[in-house]
Amino acid sequence: MPYLKPSFIRHMTAKNLTTSQAWTALNRHAKEMMSTSISDLFKNNPLRSEQLLVATSIGIFDFAKNNISEETIKLLDQLFSETELNQ
């Protein structure tokens with residue numbers, strides 16, 4: 001049985017993803033985050049563990065120990081909206 005891609009992937013191309021304004025902003029942000037340590041993120045936000053814990057029907061995902069911030073999530077949401085990945 002062949003692998004079927006979800007419909008949003010069939011309509012998404014790398015070109016319109018990587019040429020979006022949100023992609024550019026996310027790349028800029030990623031470079032900034034490279035110099036940020038996870039321990040500093042925990043020091044600056046004591047509630048990080050609770051805020052970046054996501055429970056879904058398939059499991060619980062702890063994003064707190066990843067080098068991301070609230071800004072990262074905002075930019076990802078912007079990328080999903082611009083490229084219609086949130087449809």
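Modeller: A definition to begin with: accessible areas come from the Shrake-Rupley method with a 1.4 Å probe, and for residues only the protein chains shown count as cover. The accessible surface of the protein chain comes to about 6,800 Å². Carbon and sulfur atoms hold 59% of that surface.

Colleague: What kind of model is it, and how are residues numbered?
Modeller: It is a predicted model: local features need pLDDT of at least 70, side-chain atom pairs count only at pLDDT 80 or more, and totals for chains, interfaces and linings use all residues. Residues are numbered from 1 along each chain as its sequence is written, and side-chain values use heavy atoms, with hydrogens and water left out.

Colleague: How many helices and strands are there in the protein chain?
Modeller: Six helices and two strands. Both are DSSP runs numbered from the N terminus: helices are H or I with at least four residues, strands are E with at least two. The order from the N terminus is α-α-α-α-α-β-β-α.

Colleague: How much of the chain counts as buried?
Modeller: 22% of the 87 residues. Buried means under 20% relative accessible area, exposed means over 50%, and partly exposed is in between (1.4 Å probe, protein chains only).

Colleague: Which residues make up the largest nonpolar core?
Modeller: Six of them: Leu17, Ala22, Ala25, Leu26, Leu75 and Leu79. Helix 3 (21-33) and helix 6 (70-82) are the elements that give two or more residues to this core. Helix 3 gives the most, with three. A nonpolar core is a set of buried Ala, Val, Leu, Ile, Met, Phe, Trp, Tyr and Cys residues joined through side-chain atoms within 4.5 Å.

Colleague: And what does Leu79 touch?
Modeller: Leu17, Ser20, Ala22, Trp23 and Leu26, leaving out residues up to four places away in sequence. Contact means heavy atoms within 4.5 Å.

Colleague: What about His29, buried or exposed?
Modeller: His29 counts as buried, because its relative accessibility is 8%. His29 lies in helix 3. With residues up to four places away not counted, His29 touches Ser69, Glu71, Thr72 and Leu75.

Colleague: Switching to the outside. Which residues form a nonpolar patch on the surface?
Modeller: Val54, Ile58, Phe61 and Phe63, with about 370 Å² of accessible area together. Patches are made of residues with over 30% relative accessible area and no salt bridge; like charges are joined within 9 Å, and nonpolar side chains (Val, Leu, Ile, Met, Phe, Trp, Tyr) within 5 Å. Val54 sits in strand 1 (residues 53-56).

Colleague: How do Phe61 and Phe63 pair?
Modeller: They are stacked, 6.4 Å centre to centre with 25 degrees between the planes. Rings of Phe, Tyr and Trp (its six-membered ring) pair if their centres lie within 6.5 Å; planes under 30 degrees apart count as stacked, over 60 as edge-to-face and the rest as tilted.

Colleague: How many salt bridges does the structure hold?
Modeller: Three. A salt bridge is a side-chain nitrogen of Lys or Arg within 4 Å of a carboxyl oxygen of Asp or Glu. Lys43 and Asp40 meet at 4.0 Å, N to O. Asp62 pairs with Lys65, with the closest N and O atoms 3.2 Å apart. Lys74 and Glu71 meet at 3.5 Å, N to O.

Colleague: Why are Lys74 and Glu71 separated by about one helical turn?
Modeller: Because they are three residues apart in helix 6.
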